[in-house]
Amino acid sequence: MDNRILRLPEVKSVTGLSRSSIYLSISKNEFPKPIRLGIRSVGWSEREIQKWLSSKISSNKKRCL
């Protein structure tokens, strides 16, 4: 898997989270921090987002057992 940079609309689509939920989770250190791309632009590492999703899925499975 390449390590693409995902912009906010794609991160929202992949995670199902809203913009405010993403930034709230970042402030609580519960979501990957964005990478500064320019003065007014940020993106997220696709690998970090996929890793975060995998951890959410596995922790959810453990709670259901």
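This is a predicted model: local features need pLDDT of at least 70, side-chain atom pairs count only at pLDDT 80 or more; totals for chains, interfaces and linings use all residues.

Biologist: Good to know. How many salt bridges does the count come to?

Modeller: The count comes to two salt bridges.

Biologist: Which side chain meets Glu 10 in a salt bridge?

Modeller: That partner is Arg 4, with an N to O distance of 2.8 Å.

Biologist: And which residue forms the salt bridge with closest N and O atoms 3.3 Å apart from Arg 4?

Modeller: That one is Glu 46. This pair links distant parts of the chain, as Arg 4 sits in the segment before β1 (5-6) while Glu 46 belongs to helix α3 (residues 46-64), and they are 42 residues apart.

Biologist: What are Arg 4, Glu 10 and Glu 46 linked in?

Modeller: A network of salt bridges links Arg 4, Glu 10 and Glu 46.

Biologist: Is Glu 46 buried or exposed?

Modeller: Glu 46 is buried, with a relative accessible area of 14%; the cut-off for buried is under 20%. Arg 4 is partly exposed at 40%, and Glu 10 is also partly exposed, with a value of 32%.

Biologist: Nice. Changing topic: which residues of helix α1 are buried?

Modeller: In α1, which covers residues 8-15, the buried ones are Leu 8, Val 11 and Thr 15. Looking down the axis of α1, its buried residues fall within an arc of 60 degrees, so they line one face of the helix.

Biologist: Then which residues are exposed on the other side of α1?

Modeller: Pro 9 and Ser 13 are exposed there.

Biologist: What about just after α1, which residue takes a positive phi?

Modeller: That is Gly 16, where phi is about 80 degrees.

Biologist: One more thing, the surface. Which residues make the nonpolar patch?

Modeller: Ile 5, Ile 35 and Leu 37 make a nonpolar surface patch of about 230 Å².

Biologist: Where is the place of Ile 5?

Modeller: Ile 5 lies in strand β1. Its relative accessibility is 36%, so Ile 5 counts as partly exposed. A residue needs over 30% relative accessible area to be part of a patch.

Key. Residues are numbered from 1 along each chain as its sequence is written. Side-chain values use heavy atoms; hydrogens and water are left out. A salt bridge is a side-chain nitrogen of Lys or Arg within 4 Å of a carboxyl oxygen of Asp or Glu. Buried means under 20% relative accessible area, exposed over 50%, partly exposed in between (1.4 Å probe, protein chains only). Helices (H or I, at least four residues) and strands (E, at least two) are DSSP runs, numbered from the N terminus. The arc is that of the directions from the helix axis to the C-beta atoms. Patches are made of residues with over 30% relative accessible area and no salt bridge: like charges are joined within 9 Å, nonpolar side chains (Val, Leu, Ile, Met, Phe, Trp, Tyr) within 5 Å. Accessible areas come from the Shrake-Rupley method with a 1.4 Å probe; for residues, only the protein chains shown count as cover.
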